[in-house]
Amino acid sequence: MPSGLQADTVGPVDVAVIAFEGNRFDGQVVPALRELQQKETVRILDLAFVSKASDSSVTVVELTDPGVAESLRQVTDAQFDLLSDEDLRTVSDSLGNGSSALVVAWENTWAARLAAAVRGSEGELVMLERVPRDAVVEAIASLDGN
């Protein structure tokens, strides 16, 4: 289990699936994830790489695999098995042939204090939604027009 991870102080946990059409994963996201972890913005809890060949065969590489790609270990050495085989199967089913995806579960450590305060005051998060990037870009562009 990742060091310092405790149920009463854990921040919100997200799972991101980052797809790469045509199996064009080149590892550029690895340093960015590592930096987020080093700056304690997030804590990587689990990580896997799913690849679907042109013949529909699927390969899954996880941190717990003995022959794991070294680039994944550069992000974290945590072995917290949060992503299930079923989760990874769902990801592989959603991929087109000749595509791949990096699946990352992370704790939003930046929000841990707020989450603990909400729980401590018997509050409950009832909605959380990410604003699509295109909507943000459009809103920024409209500011430039004023």
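Is Gly22 buried, partly exposed or exposed? In this predicted model, Gly22 is partly exposed, with a relative accessible area of 49%, where buried means under 20% relative accessible area, exposed means over 50%, and partly exposed lies in between (1.4 Å probe, protein chains only). The model is predicted, and local features were taken at pLDDT of at least 70 and side-chain atom pairs at pLDDT 80 or more, while totals for chains, interfaces and linings use all residues. Residues are numbered from 1 along each chain as its sequence is written, and side-chain values use heavy atoms, with hydrogens and water left out.

The protein chain contains 5 helices and 4 strands, which follow one another from the N terminus in the order β-α-β-β-α-α-β-α-α; helices (H or I, at least four residues) and strands (E, at least two) are DSSP runs, numbered from the N terminus. Of its 146 residues, 31% count as buried. Gly22 belongs to the loop between strand S1 (13-20) and H1, and the C-alpha atoms of Gly22 and Gly98 are 5.0 Å apart in space although 76 residues separate the two in sequence. Helix H1 (residues 29-38) holds Val30, which counts as buried at 1% relative accessibility; the C-alpha to C-alpha distance from Val30 to Leu102 is 9.9 Å, across 72 residues of sequence. Helix H3 (residues 85-94) includes Asp85, which is exposed at 54% relative accessibility and whose C-alpha lies 9.4 Å from that of Val60, 25 residues away in sequence.

Charged pairs were examined next. Side chains of opposite charge can pair when their charged atoms come close. With a salt bridge defined as a side-chain nitrogen of Lys or Arg within 4 Å of a carboxyl oxygen of Asp or Glu, a search of the whole structure finds 2 salt bridges. In one of them, Glu107 pairs with Arg43, the closest N and O atoms being 2.7 Å apart. This pair links distant parts of the chain, since Glu107 is in strand S4 (residues 99-107) and Arg43 in strand S2 (residues 43-52), 64 residues apart. Both partners count as buried, Glu107 with a relative accessible area of 1% and Arg43 at 18%. A salt bridge is also formed between Glu35 and Lys39, with 3.2 Å between the closest N and O atoms; here Glu35 is partly exposed, with a relative accessible area of 41%, whereas Lys39 is exposed, with a relative accessible area of 60%.

The space left open by the protein was then considered. Rolling a probe the size of a water molecule over the atoms shows where empty space is left. On a 1 Å grid over the protein atoms alone, with a 1.4 Å probe, a pocket is an open set of points with protein on both sides within 12 Å along at least five of seven lines, and lining residues have an atom within 4 Å of a point. The largest pocket holds about 450 Å³ of space, the volume being the space filled by probe spheres set on grid points that are joined across faces, edges and corners. Its lining comprises 15 residues, of which Pro12, Trp110, Ala111, Leu125 and Leu128 lie nearest the centre of the pocket. Helix H4 (residues 112-120) gives the most to this lining, with 4 residues. By residue class, the lining divides into 9 nonpolar, 2 polar and 4 charged residues, where Ala, Val, Leu, Ile, Met, Phe, Trp, Tyr, Cys and Pro count as nonpolar, Asp, Glu, Lys and Arg as charged, and the others, Gly among them, as polar.

Backbone angles in two loops complete the description. Ser56, in the loop between S2 and strand S3 (58-62), has a phi near 75°, a positive value in a residue other than glycine, and is partly exposed, with a relative accessible area of 39%. Glu122, in the loop between H4 and H5, likewise has a positive phi, of about 60°, although it is not a glycine, and this residue is exposed, with a relative accessible area of 76%.
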